[in-house]
Amino acid sequence: MDPILNPYSPGAGTPPPELAGRDEIRERARIAMERIRLGKPAKSVLMVGLRGVGKTVLLDKIRGDAESRGFYTLHIEAPESRSLPALLAPQLRLTLLKLCRVEQAKDLAERGLRALAGFVEALKLKYRDIEVGFDFDSEPGLADNGDLEQDLPALLETVGAAAQAAEVALVMFIDELQYVEEEQLAILISALHRCARQQLPITLIGAGLPQLRGRMGKAKSYAERLFEFPVVGALDKESATVAIVRPAEAEDVKIAADAVAEIIQRTKGYPYFLQEWSKHAWDCAENSPITFSDVDKASVVAVAALDDSFFRVRFDRLTPSEKKYLRAMADLGPGPHRSGDIAERLGRHVRNVAPVRNNLIKNGMIWSPNHGDTGFTVPLFDQFMQRIMPGTDWEDS
C-alpha cells in the first residue's frame, strides 16, 4: 500500500493518529486545573510510566486542552544537565510579559518581572546555566536572597498574584521531571505548597519515569498530599485495538482481527511499539485488508527498526559494566527482579554491584518498584539485550 498515506507515527513524542485509552487521565487533569482556576484546592497531577507509553504525547495533549480553555501554560523538558532555575526563568519571563498585556494585572506582572530579575541576579553565580533577559531592574528584597529555597517560592508567589489579578490560571507542564535534582525538587514542592495555601491559581502537570513518585516523597514527605500520580501504562486490549484499527479505517483500509491480535501480542500493548508494528505492517501489505501474514513479515522489520533506534540509543550510552548488569537482568526475564538475584547471576555480591545499579537508576535505565527490586524502565529491553549480547561471552567480558 502507499507509504505516503501510512497513518501511523512512531517517534519521540510524536502524536499518534488515535490517542486511545487516556481519557480518564485527561479528565483528572481537567478537573484539577478547573478547580485551581476557581481558587479551590486541587492536587497537581504527575503522570508516571515506562518509556514508550506516551507520557510526552499525553502531556502535550493536556497542555493543548488547557490552552484551548484559556489557561496560561509554560512547557519545560528537564534534561539531566540543567538546573531547575535555568529551565523556569525564561518560561516565567514569557508568562509575565504576556500578563503585562492584561490591564488589571499589569502592575503585578511588572513586579513579577522585577522579582525575576532579582532571582536571576542572585542565583546566577550558583546556577551558571541561567540565561534570561531582564525587562526591569530588580526590586531589593524581592526573591533576591541568593537562596533558592527562599527565592523560588517568592517568585512563584508574585507570578501567581499577577495571574490571579488577570483572572487566569497558570499551569506549568514539566516533562522528564525525574531528572530534577532532589534538593531542587524539594524546593519546587515547597513553592507549590506555598501557592496552594494562598489559593493562587498556579499548578503543575508533570510526567516522569516510575521512580518519580518515590523521589517526590523522599524530597518532601507531604508530597503525596499535594500530587496525584496516575500511571500511564500499556493499553488494554480494547484501547490497543482502537489505536490500531481506527487510523487504518480513516484511510479506508481494513486490518484482519488476527492481525490486530498479533500486533497486540508482539507489542504487549505499549503505544510506541503499536505504532512501530502497525507502520511496518502497512508498508508490508500489498492491499487491504492487512493480514496476519503481513504482520508476521513486518515484525522482522519492526524489531530491526527498534534495535537501531529506540533501543540502541540507550544501549550506546551504557558503560561495559552497566551493559553486563542489564544483560544479567535480561537472563532473568522482563522483571522486576530482586537485586540479589541479579548479583547472583553476575557471580558477585550485591554490595559490589550496587554502584552500577545506582548509576543505572540515576540515568533512567532501571527503577526500583519496591525496596530491593529492580525493573527495566524500557519495555521489552530484556529481549533487546539478549539480541545485542547473545550467548554467554558477555559473562567473561
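This is a predicted model: local features need pLDDT of at least 70, side-chain atom pairs count only at pLDDT 80 or more; totals for chains, interfaces and linings use all residues.
**Overall form**

The chain contains 16 helices and eight strands. Its radius of gyration is 24 Å, close to the 21 Å that the globule rule gives for 397 residues, so the chain is as compact as a globular protein of that length. Along the principal axes, the C-alpha atoms fill a box of roughly 70 × 55 × 35 Å. Of the 397 residues, 51% are buried. Among contacts with a separation of 6 or more, 75% are between residues 24 or more positions apart.

**Strand β1 and its partners**

Strand β1 covers residues 44-48, and five of its five residues are buried. Burial applies to both faces of β1: Ser 44, Leu 46 and Val 48 lie on one side, with Val 45 and Met 47 on the other. Strand β1 pairs in the parallel sense with strand β5 (residues 227-228). Strand β4 (residues 202-208) also runs parallel to β1. The bridge partner of Val 45 in β5 is Glu 228, while Val 48 has Gly 208 as its bridge partner in β4.

**The sheet of β6, β8 and β7**

An open, antiparallel sheet is formed by three strands in the order β6-β8-β7. Its edge strands, β6 (337-338) and β7 (366-367), each pair on one side only. Strand β8 takes in residues 373-376 and runs antiparallel to β6. Within that pairing, His 337 has Thr 374 in β8 as its bridge partner. Helix α13 (residues 320-331) lies across β6, β7 and β8, and runs at about 95 degrees to β8.

| Strand pair | Direction | Bridges |
|---|---|---|
| β1 and β5 | parallel | two |
| β1 and β4 | parallel | four |
| β6 and β8 | antiparallel | two |

In soluble globular proteins, nonpolar side chains tend to be buried together. The largest nonpolar core in this model has 73 residues, and Tyr 325 and Leu 326 touch the most other members. Helix α12 (residues 292-315) gives the largest share of this core, seven residues. Apart from this core lies another, of 63 residues, which includes Leu 123, Tyr 127, Val 159 and Phe 227.

What does Tyr 325 contact beyond its neighbours within four places in sequence? The contacts of Tyr 325 are Ile 342, Leu 346, Val 353, Val 356, Arg 357, Leu 360, Ile 366 and Thr 374. One of these, Thr 374, is also the bridge partner of His 337.

**Ala 115 in helix α4**

Ala 115 is part of helix α4 (residues 106-123). Is Ala 115 buried or exposed? Its relative accessibility is 0%, and buried means under 20%, so Ala 115 counts as buried. With neighbours within four places in sequence left aside, Ala 115 is in contact with Leu 142, Ala 143, Leu 155 and Thr 158. Phe 173 is 58 residues from Ala 115 in sequence, and the C-alpha atoms of the two are 21 Å apart in space.

Methods:
Residues are numbered from 1 along each chain as its sequence is written. Side-chain values use heavy atoms; hydrogens and water are left out. Two strands pair if DSSP finds at least two bridges between them. Contact means heavy atoms within 4.5 Å. Axes are lines fitted to C-alpha atoms, for helices over the stretch in contact, and angles run from 0 to 180 degrees between N-to-C directions. A nonpolar core is a set of buried Ala, Val, Leu, Ile, Met, Phe, Trp, Tyr and Cys residues joined through side-chain atoms within 4.5 Å. Buried means under 20% relative accessible area, exposed over 50%, partly exposed in between (1.4 Å probe, protein chains only). The radius of gyration is taken over C-alpha atoms; the globule rule is 2.2 Å times the number of residues to the power 0.38.
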